[in-house]
Amino acid sequence: MRIASLVFLFLLFQTVSAQSPEEQLKKLNISLPAVSQPIANYVKFVRTGNLIFLAGHGPTGADGVTITGKVGAELSIDDGYQAARTTAISLLATLQQATCSLNKVKRIVKVNGYVNCGSDFTQHPKVINGCSDLLVQIFGEKGKHARAAMGMNSLPNNMAVEIEMVVEVE
Amino acid sequence: MRIASLVFLFLLFQTVSAQSPEEQLKKLNISLPAVSQPIANYVKFVRTGNLIFLAGHGPTGADGVTITGKVGAELSIDDGYQAARTTAISLLATLQQATCSLNKVKRIVKVNGYVNCGSDFTQHPKVINGCSDLLVQIFGEKGKHARAAMGMNSLPNNMAVEIEMVVEVE
Amino acid sequence: MRIASLVFLFLLFQTVSAQSPEEQLKKLNISLPAVSQPIANYVKFVRTGNLIFLAGHGPTGADGVTITGKVGAELSIDDGYQAARTTAISLLATLQQATCSLNKVKRIVKVNGYVNCGSDFTQHPKVINGCSDLLVQIFGEKGKHARAAMGMNSLPNNMAVEIEMVVEVE
């Protein structure tokens with residue numbers, strides 16, 4: 001009985017003590033890519049007070065290849081979801097550079113997700129969930145953000161999605 | 001003459017003493033709907049410091065019906081104006097949940113209004129005024145906000161407009 | 001030799017001591033236009049704490065003429081670049097009104113640039129550089145901002161670009 005109690009307490013502890021974002025990244029087997037240079041005259045993030053404003057990021061993978069095309073036409077909704085997830089990883093790489101450690105994130109405040117698509121597309125939320133789902137997996141409650149998702153008739157270099165965010169840090 | 005003076009002072013007082021946002025809502029006979037669940041993996045608002053970032057909201061009425069279609073094609077500019085007003089009421093419901101009372105609003109800081117429309121549409125400001133006019137009616141000087149209005153080729157679930165805002169609170 | 005050293009030190013000083021934004025404006029021979037009235041029920045900026053949120057501005061020159069049309073179709077990329085530069089000047093006029101002096105700017109935090117264009121356009125970054133290049137010329141390091149650039153199927157009054165920004169001030 002005493003051992004059962006200890007096991008119970010151990011399991012409870014495992015559940016209650018949320019893993020840190022950095023641990024969570026490892027668990028998901030995600031290694032953040034090097035932060036690429038901006039494609040024009042701007043910087044990837046600016047910090048003002050406790051807020052970090054991140055530039056619009058695109059779905060460029062660790063291999064340097066960017067996912068392009070219109071979601072709902074050349075790309076399926078699943079492709080779009082993966083593009084949004086890839087963009088989230090790119091945003092996290094920039095955020096790690098900005099904060100030294102993702103453990104310093106207090107809250108993902110706002111996410112704006114822009115989907116490159118046709119005028120009859122209606123499933124933007126499902127696409128941008130590719131970003132939101134990962135943020136919540138990594139940060140738990142701190143990852144729950146306000147969000148806007150929209151359809152754009154075009155994006156820089158025909159990238160499939162563009163996502164920007166505002167983050168509160170310690 | 002003395003009575004005339006009193007009447008004058010009373011009228012002056014009525015004008016000068018701005019009604020509270022909550023009183024103003026009642027006067028306009030607007031009852032805020034229950035805040036609906038987000039349609040994807042995000043939350044309706046996040047507070048950071050004295051700022052509240054609200055998610056993109058759509059024109060869903062108290063009856064749960066969302067106004068859909070492209071403004072300037074299936075919908076007239078007047079329809080778009082009403083959709084923006086309905087969206088404002090939805091934003092206010094979320095803001096009331098976030099603040100407990102709209103009387104705690106110090107300033108509507110920023111409104112971004114996205115209009116679902118064709119590529120030849122040019123009257124976005126008239127549409128988004130449906131939101132702005134109501135905010136100024138409710139909050140007076142505190143309701144005067146910076147704003148951007150734009151045309152989107154598509155929006156989630158084909159809603160007619162999507163509006164997000166940043167609000168400063170006590 | 002002694003004179004040569006002094007000349008060297010003077011030149012070094014000229015380079016190192018960044019000119020103030022107001023001086024830089026003069027050097028570039030830019031005189032800020034009067035701030036125009038908003039085209040709808042909103043204000044051109046709102047300050048909250050040390051942040052100023054500027055409304056979406058368009059490419060209206062000192063002569064009151066607005067550059068209209070779709071970039072990549074009726075307008076070339078160069079035209080779009082000039083439109084973005086004109087919009088930046090309009091934003092600076094509002095910012096000067098908000099701050100009394102551009103010298104009080106601590107950081108251009110965020111720029112969102114919306115390009116009026118067709119669905120096959122991909123060169124948004126080159127267009128919005130018209131704004132970013134000027135901001136960096138005027139403010140130097142303080143002018144380096146996070147940015148998002150996107151393609152819109154339409155903008156108010158068919159203006160070629162719309163740009164909004166967030167600025168940190170003293």
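Helix H4 of chain C bends by about 40° at C:Gly130, the bend being the angle between axes fitted to the seven residues ending there and the seven starting there. Helices (H or I, at least four residues) and strands (E, at least two) are DSSP runs, numbered from the N terminus. The structure is a predicted model, in which local features need pLDDT of at least 70, side-chain atom pairs count only at pLDDT 80 or more, and totals for chains, interfaces and linings use all residues. Residues are numbered from 1 along each chain as its sequence is written, and chains are lettered from A and ligands numbered from 1 in the order in which they are written.

H4(C) covers residues 124-139, and its end C-alpha atoms are 23 Å apart, which agrees with the 22 Å that its 16 residues should span at 1.5 Å a residue; the expected span is 1.5 Å times one less than the number of residues. Of these 16 residues, 13 are buried (20 or more other C-beta atoms within 10 Å of the residue's own, with C-beta atoms placed from the backbone; exposed means 12 or fewer, partly exposed in between). Just after H4(C), C:Gly140 takes a positive phi of about 60°.

The contact between chains C and A takes 29 residues from chain C and 23 residues from chain A, two residues being in contact if their C-beta atoms, placed from the backbone, lie within 7 Å. On the chain C side, two or more residues come from each of strand E3 (105-116), H4, strand E4 (146-152) and strand E5 (161-169).

Chain A also touches chain B, with 27 residues from chain A and 23 residues from chain B. E4(A) gives the most to the chain A side, with seven residues.
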